[in-house]
Amino acid sequence: MDDEAVIARRREAMTGGTSGTGGTGGTPPRRSRGRLADEVYDTLLGQMMSLRIEPGSRVTIDVLARELGVSQTPIRDALNRMEAEGLVVRVPHAGYRIPPQITRHRFEDMLEVRLLLEPAAARRSAERASSEQVAGMRRMLEDMEELEGGKGPMAYGAFGLRDAAFHDLVALSAENQVIREALARLHTHVHLFRLHRDAQVTHLAMAEHEEVLAAIAARDPDAAAYAMRRHILRSGERFRRLFDEAEGADGKAMEA
């Protein structure tokens, strides 16, 4: 499944709408500038999470326009948005640069904030989510299951987009816009999925997401909050080991 299909399915689950052709003639509607910029934005996020665009690398508008087959305008709009969100850095007269990997300190700070906000969001979701929103979360997990264990960086990036979308759906159904906006600004999944490609991460995350959704669908706020907290803690342990391994490798290199 290509990036645009990923984006379409993600939005369909989040809005409850359809992402297919418009009208009755089967001809895709002309995409607006804003929609196209959103698609470029999500495509670039997927490439960052899959490490197709590596940390520290340089990206330019004209190159991206040629690669994605679109004009420079939506590329520029998407990169401006990413710059405002801290996902890229503008380099004067040289385009944009992808920031380096997050530090361990930043990772621990993000984990602390997630533990404060996401269990609360899951609790409220169990109390407030509509049946349509629960069904949207289920479709998202089904999409993720199709990609679980998939080979290649783009499959991993597509899984990461769905992972982020699932957590956003939980926050959306909690009906607390402040929590949702705060979590969105962290861009947790972008940073974490850039750390390492590991099939075990996707497999374990799937089982934990199922527990969260089961509690929400059962309208059990305590169980939903507990399942989300356990998921975040376990995710933290998995990614914390990556920092341990990197620090160990750096120490051996210095001794050599």
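User: What makes residues 1–29 a stretch to read with care in this predicted model?

Analyst: Over residues 1–29, pLDDT stays under 50. The scale of predictor's confidence runs from 0 to 100. The model still has 47 contacts there beyond four places in sequence.

User: Which helix has the lowest mean pLDDT, and which the highest?

Analyst: Helix α1, residues 3–15, has the lowest among the elements of the chain, with a mean of 43. Helix α5, residues 104–128, has the highest, at 96. The chain averages 83, and 78% of the residues score at least 70.

User: Why is T60 called buried?

Analyst: Buried means under 20% relative accessible area. T60 has 15%, so T60 is buried. T60 lies in the loop between β1 and α3 (61–68).

User: How do you know that the side chains of T60 and D62 make a polar contact?

Analyst: The cut-off for the N or O atoms is 3.5 Å. The T60–D62 side-chain contact is 2.9 Å, so the distance falls within that cut-off.

User: Why do β1 and β2 count as edge strands?

Analyst: The open sheet of three strands has the order β1-β3-β2. β1 (58–59) and β2 (89–91) each have a single partner strand, so one side of each is left without a neighbour in the sheet. The pairing in this sheet is antiparallel.

Technical notes. Residues numbered from 1 in each chain as written. Predicted model: local features only at pLDDT ≥ 70, side-chain atom pairs only at ≥ 80, totals over all residues. Heavy atoms only, no water. Pairing = 2+ DSSP bridges. Helix = DSSP H or I, 4+ residues; strand = E, 2+ residues; numbered from the N terminus. Buried < 20%, exposed > 50% of the residue type's maximum accessible area, 1.4 Å probe, protein only. Polar contact = N/O pair within 3.5 Å; in protein donor to acceptor, adjacent residues only side chain to side chain. Contact = heavy atoms within 4.5 Å.
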